[in-house]
Amino acid sequence: MLTKEFNNWYERTIKVSIVKDTEFNCAGWFWLSLTPIQHFKMIKLIERQGAELQYDERGSYYQLEKGIKIYKERK
């Protein structure tokens, strides 16, 4: 994702709960478009917002309210 576009989205994320926000729960394209550095920045924000880290056979992840899993590390 282009830096300017990411920065616009990031400004929105600091004002909402990523786990509960409908837009982020339904925006799989957003999560797939992130660069590794952008992904890391979003993970850190999710952690600061208090999301619970969970585990499965693929690794550790954060579960968004509507079902999207955001894995802590991209593979």
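These legends walk through a predicted model, from the whole chain to single residues.

**Conventions.** Residues are numbered from 1 along each chain as its sequence is written, and side-chain values use heavy atoms, with hydrogens and water left out. Because the model is predicted, local features need pLDDT of at least 70 and side-chain atom pairs count only at pLDDT 80 or more, while totals for chains, interfaces and linings use all residues.

**View 1. The whole chain.** The chain holds 4 helices and 3 strands. Helices (H or I, at least four residues) and strands (E, at least two) are DSSP runs, numbered from the N terminus. Along the sequence the pattern reads α-α-α-α-β-β-β. The C-alpha atoms fill a box of roughly 35 × 25 × 20 Å along the principal axes.

View 2. Buried residues make up 35% of the 75 residues. Buried means under 20% relative accessible area, exposed over 50%, and partly exposed in between (1.4 Å probe, protein chains only). The accessible surface of the chain is about 5,000 Å². Carbon and sulfur atoms account for 54% of that surface. The areas come from the Shrake-Rupley method with a 1.4 Å probe.

**View 3. The sheet.** The 3 strands form an open sheet in the order β1-β2-β3, paired antiparallel. Strands β1 (53-56) and β3 (69-71) stand at the edges with a single partner strand each, so one side of each has no neighbour in the sheet. Neighbouring strands are turned by 45° against each other on average, direction ignored.

**View 4. From β1 to β2.** Strand β1 and strand β2 (residues 59-63) run antiparallel, joined by 4 bridges. Two strands pair if DSSP finds at least two bridges between them. Aspartate 56 has glycine 59 in β2 as its bridge partner.

**View 5. Helix α4 on the sheet.** Helix α4 lies across β2 and β3 and runs at about 115° to β3. Axes are lines fitted to C-alpha atoms, for helices over the stretch in contact, and angles run from 0 to 180 degrees between N-to-C directions.

**View 6. Glutamine 38.** Glutamine 38 sits in helix α4 (residues 36-48). Glutamine 38 counts as buried because its relative accessibility is 7%. Leaving out residues up to four places away in sequence, glutamine 38 touches Met1, Leu2, Thr3, Phe6 and Ser33. Contact means heavy atoms within 4.5 Å.
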